[in-house]
Amino acid sequence: MRLFGIETEYGIIREDQEQSDPVVESMELVRAYMTEKFEQTWDYQGEDPHEDQRGFRVNGLQQDVEEEQFATLDANRPFSFYEMKSDLVLPNGARFYNDHTHPEYSTPECSTLHEIIAHDRAGERIIQHAANARNATLGSSSVQLYKNNTDLHGHSYGCHDNYLISRTLHFDQLTGGLIPFLITRQIFSGAGKLGIEAQEKSYQPGVFQLSQRADFMETELSVDTMHNRPILNTRDEPHANRQKYRRLHLIVGDANMCEFATALKVGTTQLVLDLIAKGAAPQFELADPVAGIKTISRDPDLKAAIPLKSGKTITGLDIQKAYLSAAQHTFEESDTDTNWILTNWEMTLAQLEHNRAELIGRIDWITKHWLLESFAQEERLEWTDPWLASLDLEYHNVNTERGLYLGLEQEGKTHRFCTEDEIRTAILQGPTTTRASIRGLCVKKFRHEIQSVQWERIHLKSLTHPQQLDMSDLFDPAHVRQLWQKIDNAKHLADVVSIS
Amino acid sequence: MYPKYTHHIMEALGNQPPTNFERRERPLDPGPKPPGPKDDDAGPRQPETGSPSRDNLLKRMRKVDPKQAERYRQRTGE
């Protein structure tokens with residue numbers, strides 16, 4: 001059983017204002033997607049970012065001081081905490097809300113690559129639709145949204161990929177097997193960036209990097225997410241039965257525009273987790289993974305070698321080839337997704353080495369580099385020219401009339417992994433193989449019976465005794481379909497909950 | 001009827017509902033071909049010219065305000 005999802009924080013601006021309030025703008029954007037009054041539905045109980053996978057609870061996060069400062073400021077606003085969050089649970093099982101001054105779309109839980117790509121793209125359409133509605137209210141086109149991870153001034157925001165894994169897998173096993181993979185997967189999953197930054201530090205133009213996020217990685221392991229960001233985040237919020245499951249919450253990745261890159265990022269990461277579970281992942285003892293992720297990001301030639309503890313060195317490509325080789329030996333003749341991943345992982349590594357122009361429209365950093373280089377030649381610009389940094393930003397604009405990636409897509413120059421019909425379906429319905437379809441159906445059909453919603457449970461309004469639909473163990477697709485059918489046939493959600 | 005969060009987006013999509021709500025199995029794209037001679041009907045769609053289309057994409061790129069990135073400021077997120 002596989003289960004994964006992607007959380008994407010979008011950049012947001014108001015072009016008609018010198019300084020806009022990101023709290024208000026993110027809140028208004030989410031609300032623009034609604035057609036009636038906001039009612040608090042999201043259940044924040046059980047969310048505790050201080051719990052650590054290594055078996056302890058930290059007293060504080062590095063962001064706590066900043067969060068308290070914002071909370072003090074926010075207390076003066078004419079909105080409650082819940083109104084500012086404006087948490088929506090959508091009929092496709094997704095969550096759409098204002099997270100830390102960024103509108104965030106969290107896909108529903110998916111079990112196949114087709115599902116995750118369709119839902120990631122559905123998120124783009126939903127958030128742009130909200131922007132169109134907001135702009136209609138403002139009477140302008142001033143609100144613009146960016147599916148990227150940096151403002152190119154030292155402020156980063158995340159795109160987190162999440163995977164459900166068994167708790168029988170010890171976290172120590174994950175760290176050794178995952179970190180070499182995570183610092184090198186950027187060679188195909190990097191979104192590309194022009195310039196070098198660091199957390200809230202100045203911007204150095206002119207250097208093209210594979211990754212938007214590598215500059216912001218400061219440590220190997222940490223429960224923090226906004227400061228002292230780790231290659232492997234240790235937050236322990238399984239959103240499932242804690243006795244049985246872990247949720248791997250990866251904050252190291254970039255937001256991808258290319259469907260192919262997203263599929264390869266999620267697919268290869270899932271395969272590496274499967275390898276680790278089988279004890280078959282290759283082992284690399286890296287001397288300095290934090291320096292390594294930056295070295296690899298700043299070398300589009302893919303020739304840079306990073307040091308091992310043994311004193312030898314190795315390139316990112318060679319580390320990826322070792323993981324691929326282990327996966328090929330371990331997962332021969334497997335399911336459809338696994339076969340796709342193995343085939344395309346191998347092909348992509350070969351193309352990166354021998355003919356990377358073939359990856360335009362599939363790999364973001366290559367596509368972006370090609371666009372910027374072509375434009376620089378056309379306009380006789382130096383790589384340090386600020387116009388190119390602006391083009392970097394506009395590559396990620398999700399406005400179909402402005403976004404450069406979307407412009408390429410309209411010209412048929414990108415690889416499509418899913419169809420427009422699959423995206424339309426994903427806007428309306430959660431994956432039928434996962435509990436997200438149950439969540440979505442409940443929201444669609446029984447919204448007025450629901451008190452609150454979390455990923456793994458739904459609380460019902462009740463005058464007598466509390467009732468909840470517990471989905472913390474609901475991962476068998478057959479059980480999901482059975483429950484979906486029961487709820488679809490029911491007159492009241494309480495009828496199903498009382499017997500489930 | 002579409003649910004309340006989505007009927008307006010369906011309008012924007014031209015009220016064309018998805019033709020099938022069931023999960024569909026279909027062959028996955030076989031992916032890029034290894035380096036070698038190209039066929040017309042398979043493999044990656046590499047742009048036909050060495051640069052973006054002059055008519056559309058370059059026009060779109062030229063419309064980008066050179067100072068757009070300079071003005072773009074966000075707060076740190078997760």
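Predicted model: local features only at pLDDT ≥ 70, side-chain atom pairs only at ≥ 80, totals over all residues.
Strands (E, at least two residues) and helices (H or I, at least four) are DSSP runs, numbered from the N terminus. In chain A, three strands form an open sheet in the order E17-E18-E19, with antiparallel pairing; two strands pair if DSSP finds at least two bridges between them. Strands E17 (450–453) and E19 (467–470) of chain A stand at the edges with a single partner strand each, so one side of each has no neighbour in the sheet. From one strand to the next, the twist averages 20°. Strand E18 (residues 457–460) of chain A pairs with E19(A) in the antiparallel sense over four bridges. Helix H15 (residues 436–446) of chain A packs on this sheet and touches E17, E18 and E19 of chain A, where contact means heavy atoms within 4.5 Å. The direction of H15 makes about 150° with that of E17(A); such angles run from 0 to 180 degrees between N-to-C directions, with axes fitted to C-alpha atoms, for helices over the stretch in contact.

Now turn to strand E1 (residues 4–9) of chain A. Six of its six residues are buried, meaning under 20% relative accessible area, whereas exposed is over 50% and partly exposed in between (1.4 Å probe, protein chains only). Phe4(A), Ile6(A) and Thr8(A) point one way from E1(A), and Gly5(A), Glu7(A) and Glu9(A) point the other way. E1(A) pairs in the antiparallel sense with strand E9 (residues 159–166) of chain A over five bridges, and here Thr8(A) stands opposite Cys159(A). Three bridges also join E1(A) to strand E7 (residues 102–106) of chain A, again running antiparallel; in E7(A), the bridge partner of Thr8(A) is Tyr105(A).

In the loop between strand E8 (143–146) and E9 of chain A you will find Leu152(A). Its phi is near 60°, a positive value in a residue other than glycine, and Leu152(A) is buried, at 4% relative accessible area.

Next comes a pair of helices. Helix H5 (residues 171–184) and helix H8 (residues 289–297) of chain A pack at an angle of about 25°, their axes 8 Å apart. That makes H5(A) roughly parallel to H8(A), a term for angles under 35 degrees. From H5(A), the contact is made by Ile179(A), Ile183(A) and Thr184(A), and from H8(A) by Pro289(A), Gly292(A), Ile293(A) and Ile296(A).

Finally, look at helix H12 (residues 386–395) of chain A, where nine of the ten residues are buried. Among them are Trp387(A), Asp392(A) and Tyr395(A). The buried residues of H12(A) pack against elements of chain A, including helix H11 (364–379) and helix H13 (404–410), together with helix H2 (57–63) and helix H3 (68–71) of chain B.

Terms used
Residues numbered from 1 in each chain as written. Chains lettered and ligands numbered in written order. Heavy atoms only, no water. Parallel < 35°, antiparallel > 145°, perpendicular 65-115°, else oblique.
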